[in-house]
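Please keep the sequence and the structure in view while reading.

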Amino acid sequence: MSVVLFEEFALPEVDRREVLRYMGCRESDDETEALIDRAIEVGKDAFCGKVCFCELPLSVSDGQIRLGSVRTESKNLLKNLDGCESVILFGATVGIEIDRLIMRYGKVSPSLAVCLQALGAERIEALCDVFCAEMARKQGLQGKRLRPRFSPGYGDFPLEAQKEIFAMLGCDRRIGLTLNDSLIMSPTKSVTAIIGIY
């Protein structure tokens, strides 16, 4: 079995345009910008970027994709991994505190809660981007490159694959990320994904 590693990552500066996009706003105004400022201030200490990951050999047989103990079928994932011999499997989260803030402000300031939701979405995507960039740098030293990350729920890649991914990575004990019976992750601002290496 491959060794599962754990790492914490510093998050980059907030991309306000992404927050705006996650809020569903095509244009901004002074009121919206002030709301984003407030969300950033409220959430300044809420995020901690944690990732657990491992590198696994990839094999395909009769349309079934095998990544260590993870077995799944997905034409979309298969296309994404075309030409790859191994993958990086990872789970990432920015922590539970943003969920608590969203719940708290949902009762007193729904507009701020919506903005905090968007900020949380931007933060977890930023974490995944930082992690993928670091993995690309390390693989590049070996003359290898990475495919775009691909998560359960994309296309025909079944959400049920989360169960095996969580079991393999030990997400609960390594980064405090859990999966309920409905396949909902907690903390909610979290991601699991597969990155093909070629």
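**Pockets and a helix**

The lining of the second largest pocket comprises six nonpolar, three polar and two charged residues (Ala, Val, Leu, Ile, Met, Phe, Trp, Tyr, Cys and Pro count as nonpolar, Asp, Glu, Lys and Arg as charged, and the others, Gly among them, as polar). Among these lining residues are F53, E55, M135 and K138. Strand β2 (49–61) and helix α5 are the elements that each give two or more residues to this lining. The volume of the second largest pocket is about 180 Å³.

The model is predicted, so local features need pLDDT of at least 70 and side-chain atom pairs pLDDT 80 or more, whereas totals for chains, interfaces and linings use all residues. Residues are numbered from 1 along each chain as its sequence is written, and side-chain values use heavy atoms, without hydrogens and water.The largest pocket has a volume of about 270 Å³. A pocket here is an open set of points, on a 1 Å grid over the protein atoms alone, where a 1.4 Å probe fits, with protein on both sides within 12 Å along at least five of seven lines; lining residues have an atom within 4 Å of a point. A volume is the space filled by probe spheres set on the points, which are joined across faces, edges and corners. Of the 15 residues lining the largest pocket, Q162, M185, S190, V191 and T192 lie nearest its centre. Strand β8 gives the largest share of that lining, three residues. Helices (H or I, at least four residues) and strands (E, at least two) are DSSP runs, numbered from the N terminus.

In helix α6 (residues 161–169), A161, Q162, I165, F166, M168 and L169 are buried (under 20% relative accessible area, with exposed over 50% and partly exposed in between; 1.4 Å probe, protein chains only).
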